[in-house]
Amino acid sequence: MNVLVTGGAGFIGSHVSERLVALGNQVQVLDNLSTGKRENLPPSELLNFQEGDIRDQELVAECCDQADAVIHLAAVASVQASVDDPAGTHQSNFDGTLNLLEACRKSDVKRFLYACSAAIYGDTEVLPVKEETALNPLTPYAVDKLSGEYYLGYYSRQYGLNTSSFRFFNIYGPRQDPSSPYSGVISIMADRLLSGREMTIFGDGKQTRDFVYVGDLADLLVESLARTDMSGSIMNVGTGKQTSLLDLKSALESVSGKTLKVSFDDPRKGDIKFSCAAVTRLVTCFGKVPTTPIKEGLRELLG
Ligand code: NAD
Ligand code: UD2
């Protein structure tokens, strides 16, 4: 199969590309390297790297012409960046998605997988969060992700494109970039632990997230490529378990034998307190949830 992976040089995309190549697929990566890195990708004759932008309609059409399937991961993944620059991030996060859908409609692409986000639920009172829960996208990032998901539904109904939108919860693992203050909390914790620097916990550390190991997500996406019975589907990708930041700290310390120095500061404005995915749809569709226990995932991350 020839698979176009947008954002393939990024954190999640590089794991997906690696899996696809290992299974003998031809992989095209389209990435503008805004946050991704060429060196995240394995050297392979099966992998063709194209430095370019999903906002470039002509280039996107060329890439889709050769593809059997698209895994669309390219986006400005930082929620804060979207708050700082709604119009700029909209071009990648929404216009880029529509460019891809249009190009797929005009070519022979059979399957389209999309990286949506738990951010579209906003702050919910009832946990775990089901897909049917009222949506409350509170940031430009979440509005664009949700709009993209709605468009997938439209292209599935109107043009028969076999689409699936996956609402990722908090993904972690090797190659997640810890360099920004808005990087994933596990990447920051691991970085500070290894460098001996202190990290700031915003709030009391009792907030929870549903953390998914990136390898499990990559397996799930690759497995779902061949599915012909999922068109128009929408699905949470979480484990159904919550872990607090304080529990994460203990787990990292027990895995590494080191102590993580922390200080506490006020909670971030608008921060969600508790988050956990309902996984019934995932179980019904795949017969399983992401399985890597958090300590094992942390061990992989620390290397
Ligand atoms: P990432 O920043 O590592 O990956 C995004 C990739 O997209 C990068 O390689 C970047 O260079 C590329 N990119 C950005 N804009 C582009 C454009 N206009 N044209 C071409 N390439 C472009 O982030 P990630 O964590 O790997 O996220 C992958 C996807 O998953 C994103 O769509 C993100 O919104 C979504 N997501 C991630 C999480 C998480 O916990 N990491 C949670 C929910 C959703
Ligand atoms: C994650 C995703 C976001 C979106 C959302 C869905 C990342 C980076 N962000 O946001 O894209 O999909 O999930 O709900 O993956 N924290 C600290 N100290 C730090 C950094 C973070 O205390 O140095 C706290 C933060 O205030 C929050 C928790 O850790 O309470 C998780 O933060 P995050 O940025 O990793 O992820 P989240 O859930 O805000």
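Trainee: Which residues are closest to ligand 2, and how many surround it?

Mentor: There are 21 residues around ligand 2, and the closest are Ser 117, Val 185, Phe 202, Arg 209 and Asp 271. A residue counts as near when one of its heavy atoms lies within 4 Å of the molecule. Keep in mind that this is a predicted model: local features need pLDDT of at least 70, side-chain atom pairs count only at pLDDT 80 or more, and totals for chains, interfaces and linings use all residues. Residues are numbered from 1 along each chain as its sequence is written, chains are lettered from A and ligands numbered from 1 in the order in which they are written, and side-chain values use heavy atoms, with hydrogens and water left out.

Trainee: Got it. What does the backbone of Phe 202 do there?

Mentor: One of its backbone N or O atoms lies 2.8 Å from an oxygen atom of ligand 2. That is a polar contact, meaning a pair of N or O atoms within 3.5 Å. A polar backbone atom of Thr 200 is 2.8 Å from a nitrogen atom of ligand 2, and the side chain of Gln 207 places an N or O atom 3.0 Å from an oxygen atom of the ligand.

Trainee: How much of ligand 2 does the protein bury?

Mentor: The protein buries 87% of the 730 Å² that ligand 2 exposes when taken alone; those areas come from the Shrake-Rupley method with a 1.4 Å probe.

Trainee: And which element gives the largest share of that shell?

Mentor: That's β8, with four residues. Helices (H or I, at least four residues) and strands (E, at least two) are DSSP runs, numbered from the N terminus. Both α6 (185–195) and β8 (199–202) give two or more residues to the shell.

Trainee: Switching over, which residues come nearest to ligand 1?

Mentor: Of the 29 residues around ligand 1, those are Phe 11, Asp 31, Thr 35, Tyr 141 and Lys 145. Thr 35 has a polar side-chain atom 2.7 Å from an oxygen atom of the ligand, and the side chain of Lys 145 has an N or O atom 2.7 Å from an oxygen atom of ligand 1. From Gly 36, a backbone N or O atom lies 3.0 Å from a ligand 1 oxygen atom.

Trainee: Nice! Which element gives the most to its shell?

Mentor: β5 does, with three residues.

Terms used. Polar contact = N/O pair within 3.5 Å; in protein donor to acceptor, adjacent residues only side chain to side chain.
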